[in-house]
Amino acid sequence: MGASAIAATAPARVLLRLENISKEFPGVKALSGVNFDLRAGEVHAVCGENGAGKSTLMKIISGVYQPNSGSITFKGEPMRFSSTLQSEAVGIAIIHQELNLVPHLTVAENIYLAREPRRGFLVDRRKLIAAARRCLDRIGVNIDPTVQVRALSVAQRQMVEIAKALSLDAAVLIMDEPTSSLTEQEAQLLFKVIRDLKAQGTGIIYISHRLDEMVEIVDRVTVLRDGRYISTDDFADLTLDDIVARMVGRSLEDKYPEPTRVPGEHVIFSASGLTRHGVFSDIGFEIRRGEILGFAGLMGAGRTEVARAIFGADPLDSGTITLDGKELKITDPRNGIEAGIAYLSEDRKANGLAIKMPVDANLMMARMDGVSNRFGIIDRKKHHDASQHYVDLLNIKTPSLTQPVRLLSGGNQQKIIIGKWLFREPRVMFFDEPTRGIDIGAKFAIYQIMDELAARGIAVVLISSELPEVLGMTDRIAVFHAGRITATLTTRDTNQEEIMHYASGSGRRAQ
Amino acid sequence: MADVTGEKDMQQRAAPTVKTGRLSERQKDIIQKFAALASLVVLTAFFSATSSAFFTVGNGMTIALQVTSIALLGIGATYVIITGGIDLSVGSVLALAGVVAALAVKELQLPVWLGMVLGILTGSLCGMINGIVVTKLRLPPFIATLGMMLIARGVALQITGARAVSGLGESFGVLGNGSLLRFESIDEQGFPVVAFPGIPYPVVLMIIIAVASAYVLNRTVFGRHVYAIGSNADAARLSGVNVSRVTIYTYLISGTLAGLTGCVLMSRLVTAQPNEGVMYELDAIASAVIGGTSLIGGVGTISGTFIGAFVIGILRNGLNMNGVSAFTQQIIIGLVILATVWIDQLRNRR
């Protein structure tokens, strides 16, 4: 089906064409035989699971990486970019997920950073501001070019990035997850800007996990899976389910393992009245033996904050926590760990792993006393054996125990964090976005591990922003909205719509 | 140190390295260490060729003695820098410690050993205060230890009235001037002939402390936690590491070693100088950095710092012997620091 779609790309002017692109990193084939083309005035979405090769492809287009084979043509000319400066010079701009603005400079200064209009040695401020205002007007947003960027909302910053890209006369605009931190209203404004740009002939490459919002703007869609090219089609010819099926490569039922756990009635862990002023209030839930409890909700609803406070990483103003019927007093992560609580952070690199340190050091980090004598001297044999045990148990793919973890894939890094906590033999485990940035095979493995842990009687909490994951992996779901639990639902009796209903705060069910 | 086994590893892995064009972390590590060690050998060879007096047992002992203060301070600096901190106060702290030891002996008539213990504890106290200011008041380490640098120097000058403390008696000089295994004989005219100059006590002390601190850093839970904090303090905290306590200990170690260095230095002069040790903190940091310790934290070894200290010591000594002026020496050492750190960054760039 891919070939026929490419043959049909004649009508509009093709801005950018990539043919048979392959890219290898040591030990990993990131892309093989990928085709892609972008026409003037279209929005072309690139879809794929995490690890499918979307960002590698974008980095090749913008010149960060060079392909091992394949050809790139831009406006009919063969191109080979060896840096982002070169791709920018011909008119390809990328707007990153994490925005690249200087917070302490003004909007105008950011738009024209390193290209300031000058009068002799001085910056021509009047010209600078006028030019910046023209850029902002062109996308129809009302932002004062003289305010500092740090005073702007995320959505406004995104608009500034777009204005900056336009000031570079970008013919191709790459947007990487542009709506991931926008409210519904802000996203609508962005879509309006995108439609205007389309009308002006800009070609836009659009990457997003939110397939439903693509209906608003996307013209064509290319699907990648595991670094391979799958298909390119007109968006109108596909249903969202078609796209998902192509991304996943198997039917959705197989995405989650068959549960081996048997939920019981015995309550292992319970929390009630948990409050941290201004962050969350009156949080109460129970976890029963053999079940996985989901925390669902929008970003910033307080799910992570509750887990961190229970674990002791953040302070708690009031509330009680009981484990196996005993009340716990937790003021520091050390208390939480002692009590048998494990928290697997949502941001592996920021606070889950010491990424410069080797695999074994990370695996042992939470329980060094288990592999050392009472004088604090490490028993190297125990250290090695225990590390090896978890590498084998969790099937962590690493060349050696001394490999620094930053060189491992996201899935293996996540397994190392799981191994670190398993070594402590915890009673309760909070998994915070455990599959973010992980390829699909590793996701399945992590789901299996979670199920197994629950089956072994460990209370498991899954915090996830991906509703299908919450629905596929949990037994009950606590839905968060604005720092409160608005509903606790039984997974097999609910659906995405009901969860979203409570997560958006439009309804509240008495508990 | 692990260099002997490391060489074997490198040979075994050399072949696949060529194919992939990428080095494993361990290989990079070994190459780094060998690079520092190689430059040490090159320097030694060069100075031996240019000056006949350089490569002698006597001069070797002189260099080792000169290196002790840099190495001891460098070891402390390594601990602190691995956690991502820095200690600018050690030069002042060593002066204060030495002065306290001397005054305790002279004014309070305490025995020499007790005076020196008091001096060392003074260093520990300063280090602990640094650690508390960094972890509890949450001041940046640069500022916290800059403050201590001024305070300790000020106190040292204040309590001595800015005058050197002398007349301490011969026993005060034993630690700095005595030697282990010194062999002498008396010739026909009755003059002593030195068969072997002996290993100066400070050198013995330096070697024991270097080995012990390398052991602590590599083989103990505490050492592991030091690396973990420097690599990712948040991850360490969430794994149950007592980040504040471990961090305070590293400053405590740095301060204690500064105190010890102060006692050794003042003992060598048999006089306590409140102006001693100015800018020594920079030598200490330089030796750690030359030895491959990263100022970002998480990376560093005692053996590297030890080599770094000797690179500085041999440069100074060899240049002196060749009649190079002190000013030119500074320029050369400055260039060496820039070059080694630049090489280190090339190594880490991917």
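A: Chain A of this predicted model has an average pLDDT of 86, and 94% of its residues score at least 70. pLDDT is the predictor's confidence in each residue, on a scale from 0 to 100. A contact means two C-beta atoms, placed from the backbone, within 7 Å. Helices (H or I, at least four residues) and strands (E, at least two) are DSSP runs, numbered from the N terminus.

Chain B averages a pLDDT of 87, with 89% of its residues at 70 or above. Its residues 1-21 stay under 50, and the model gives them 12 contacts beyond four places in sequence. The model as a whole scores ipTM 0.78 and pTM 0.78.

Some ground rules. Residues are numbered from 1 along each chain as its sequence is written, while chains are lettered from A and ligands numbered from 1 in the order in which they are written. Because the model is predicted, local features need pLDDT of at least 70 and side-chain atom pairs count only at pLDDT 80 or more, but totals for chains, interfaces and linings use all residues.

Now the strands, starting with E11 (residues 220-225) of chain A. Five of the six residues in E11(A) are buried. Buried means 20 or more other C-beta atoms within 10 Å of the residue's own; exposed means 12 or fewer, and partly exposed lies in between, with C-beta atoms placed from the backbone. E11(A) pairs with strand E3 (residues 43-47) of chain A in the parallel sense, over four bridges. Two strands count as paired if DSSP finds at least two bridges between them. One such bridge links Ala45(A) to Val221(A) in E11(A). E11(A) also pairs with strand E12 (residues 228-234) of chain A, antiparallel, over six bridges. There, Arg220(A) has Asp234(A) as its bridge partner. Two residues separate E11(A) and E12(A) in their hairpin, where Asp226(A) takes a positive phi near 50°. Strands of a sheet pair through backbone hydrogen bonds, either parallel or antiparallel.

Next, an open sheet. Four strands of chain A line up in the order E14-E13-E16-E17, with antiparallel pairing. Strands E14 (280-288) and E17 (326-328) of chain A stand at the edges with a single partner strand each, so one side of each lacks a neighbour in the sheet. Neighbouring strands of this sheet are turned by 20° against each other on average, direction ignored. Strand E16 (residues 318-323) of chain A joins E17(A) through three bridges, running antiparallel. Leu323(A) has Lys326(A) in E17(A) as its bridge partner. Helix H10 (residues 303-311) of chain A packs on this sheet, where it touches strand E13 (267-276), E14 and E16 of chain A; the direction of H10(A) makes about 110° with that of E13(A). Axes are lines fitted to C-alpha atoms, for helices over the stretch in contact, and angles run from 0 to 180 degrees between N-to-C directions.

On to the helices of chain B. This chain has 14 helices and four strands. Of its 350 residues, 48% are buried. Among its contacts with a separation of 6 or more, 74% join residues 24 or more positions apart.

Take two helix pairs. Helix H4 (residues 90-106) and helix H6 (residues 141-160) of chain B have axes that come within 8 Å and cross at roughly 25°. H4(B) and H6(B) are therefore roughly parallel to each other. (Under 35 degrees counts as roughly parallel, over 145 as roughly antiparallel, 65 to 115 as roughly perpendicular and the rest as oblique.) The contact includes Leu96(B) and Val99(B) of H4(B), and Ala152(B) and Ala156(B) of H6(B).

Helix H12 (residues 280-290) and helix H13 (residues 302-321) of chain B come within 7 Å, axis to axis, and cross at roughly 120°. That makes H12(B) oblique to H13(B). Among the residues that meet are Ala286(B) and Ile290(B) of H12(B), and Gly308(B) and Ile312(B) of H13(B).
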